[in-house]
Amino acid sequence: MAELIKQWEDGSRLTATYEGSGGGDAVFTSEPNEGIDRDMSVSFVDASGSIVVERTVSQVGLRQRFITADGKVFCVLGGGRFGVLKEGGVEPEPPTPMETYTRLTYIECTGEQYINLNYIVQEDDVIKCYYDCNVLTKEDKFLFGTYDSNAVWLSIYNYTAYTRFGSGTTTTTSYASRNHYVEVRKESVTFDVTETTMPYEEMPATPLFVFARRSTSGVAGAHFVGRCTMFKISNANGDVIELRPVKRDSDGKVGMLDVISGIFYASEGDADFIGGNEVRITEEYEIIDRVYFNKNKAFNTGYLGNNTTYIDVMFQRTSTSSAAYLFGLTQGNRLTGYLSSGSAYWRYGNAYPTFATATQKIYKAVVTPGKTTVDDTSKTFTVNEFETSDPIPVGGYKSGTNPITKHYIGYIYYFRMWHGDTLLVDWYPCKRLSDGVEGFWDCVTQTFVEPIK
């Protein structure tokens with residue numbers, strides 16, 4: 001009988017014994033393997049050395065590789081593998097790769113999408129949402145809704161909003177289509193900054209639908225048409241649900257991600273959601289809802305304004321006692337958003353349509369060649385060929401050769417600028433974590449835009 005002893009990497013021994021001449025039987029024995037499964041090659045050679053038979057010995061260990069959530073093997077210094085005890089002595093299947101998502105600037109509904117939260121709103125809950133109702137029709141368009149004998153819902157019908165929270169009686173708010181933020185709770189509803197009291201009776205016991213109304217039979221109807229950047233339910237204990245627009249990276253599906261639970265909600269309607277631009281933010285930054293200005297910051301777009309310029313901006317003044325430049329150049333060829341204590345002048349070359357924006361509500365302004373629209377009010381003008389002498393600043397103004405003056409007081413929720421069909425900047429509010437500086441994430445260049453010095 002021949003005997004061979006070989007060592008494993010940890011110094012323990014593998015013993016092979018062989019009985020026979022030519023053909024025969026080999027028996028392998030080893031000390032217990034307290035590590036990860038291992039293999040060793042053993043060769044059998046005849047007396048002349050001309051015939052070699054190789055066999056591989058595999059020994060099951062008590063431990064398994066430690067695999068991280070993203071599928072990588074955890075290693076120790078020097079290249080060794082870190083092992084953890086197996087469950088029941090059997091190595092489990094490799095973990096399913098973690099799903100990842102990319103934030104989007106908004107999602108858009110066309111009247112065919114909705115989400116079933118499978119959540120029943122409680123009496124002490126507060127519902128908050130940033131929305132943009134971009135189509136006005138004499139039809140109910142529910143931002144959210146459910147009911148049995150009582151209801152929790154918000155419907156926009158033409159210019160008017162109809163709201164309930166634990167009641168069978170509707171509270172009417174005129175011109176709510178011009179607002180862009182709503183907060184609903186027991187006995188009150190607030191659109192932007194205007195609060196209205198509401199009756200309360202008892203909460204419905206049916207789950208809430210978002211972007212549609214849930215009927216008593218569970219059918220979705222009266223779907224929302226517009227955009228949304230945030231939908232949140234919170235109470236005294238903190239956030240319960242917080243939906244943010246995302247794209248699922250594995251298949252490109254657009255939906256809302258609950259950043260509290262990690263649940264992804266795709267549309268349960270007849271069509272998929274439409275997504276805005278990607279916000280491929282890095283870990284050094286944090287997305288925020290808005291950037292605050294107090295004549296203390298301004299930004300440079302880096303692009304001249306001209307007669308092909310489009311601007312889309314959402315803003316909210318926190319002081320209306322004095323004038324403030326939201327953006328623009330004030331000498332030569334002008335392109336400005338000048339917010340006075342009375343009428344606001346939106347200059348576009350030689351034209352200057354005026355709008356009443358001396359309130360603290362949230363406004364959406366869309367400036368285009370030949371027409372400027374603030375919320376649902378539009379004014380047209382004749383476009384002359386022009387080009388500004390300097391790039392357009394945001395949060396202030398530039399006069400001649402002087403540096404940019406920081407001038408705006410309030411919030412900006414986003415700022416976008418085009419030349420014709422070419423998107424130049426798509427700025428989304430962002431904060432740098434290292435020093436807390438608020439700025440914008442540019443979704444065109446995927447970089448952080450910080451205030452000018």
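This is a predicted model: local features need pLDDT of at least 70, side-chain atom pairs count only at pLDDT 80 or more; totals for chains, interfaces and linings use all residues.
**View 1. The largest cavity and its lining.** The structure contains one cavity of 30 Å³ or more. The space within the largest cavity amounts to about 240 Å³. Its lining is made up of 16 residues, and those nearest the centre of the cavity are Thr 105, Tyr 130, Thr 229, Met 314 and Tyr 414. At least two lining residues come from each of strand E11 (126–132), strand E22 (225–235) and strand E42 (409–419). Sorted by class, the residues lining the largest cavity are eight nonpolar, three polar and five charged.

**View 2. The hairpin of strands E32 and E33.** Strand E32 (residues 324–329) pairs with E33 in the antiparallel sense, and five bridges link the two. Within this pairing, Leu 329 lies opposite Leu 335 of E33. The two strands, E32 and E33, form a hairpin in which five residues separate them. In the turn, Gly 332 adopts a positive phi of about 70°. Strand E33 (residues 335–339) is largely enclosed by the rest of the structure, because four of its five residues are buried.

View 3. Arg 38 belongs to strand E4, which spans residues 38–45. Its relative accessibility is 12%, and Arg 38 therefore counts as buried, the cut-off for this class being under 20%. A polar contact of 3.3 Å connects the side chain of Arg 38 with that of Ser 12. When neighbours within four places in sequence are left aside, the residues in contact with Arg 38 are Trp 8, Asp 10, Ser 12, Ser 30, Glu 31, Pro 32, Asn 33, Val 57, Ser 58 and Gln 59.

View 4. Glu 278 is located in strand E27 (residues 278–279). With a relative accessible area of 22%, Glu 278 is classed as partly exposed, a class that lies between the cut-offs of 20% for buried and 50% for exposed. The side chains of Glu 278 and Lys 247 are joined by a polar contact of 2.4 Å. Lys 247 is also one of the residues in contact with Glu 278 once neighbours within four places in sequence are left aside; the others are Thr 102, Arg 103, Leu 104, Cys 443 and Gln 446. Between Glu 278 and Arg 416, the C-alpha to C-alpha distance is 14 Å, and the two residues are 138 residues apart in sequence.

Notes:
Residues are numbered from 1 along each chain as its sequence is written. Side-chain values use heavy atoms; hydrogens and water are left out. On a 1 Å grid over the protein atoms alone, a cavity is a set of points where a 1.4 Å probe fits but cannot get out, and a pocket is an open set with protein on both sides within 12 Å along at least five of seven lines; lining residues have an atom within 4 Å of a point. Grid points are joined across faces, edges and corners, and a volume is the space filled by probe spheres set on the points. Ala, Val, Leu, Ile, Met, Phe, Trp, Tyr, Cys and Pro count as nonpolar, Asp, Glu, Lys and Arg as charged, and the others, Gly among them, as polar. Buried means under 20% relative accessible area, exposed over 50%, partly exposed in between (1.4 Å probe, protein chains only). Two strands pair if DSSP finds at least two bridges between them. A polar contact is a pair of N or O atoms within 3.5 Å; within protein, one must be able to donate a hydrogen and the other to accept it, and residues adjacent in sequence count only if both atoms are side-chain atoms. Contact means heavy atoms within 4.5 Å.
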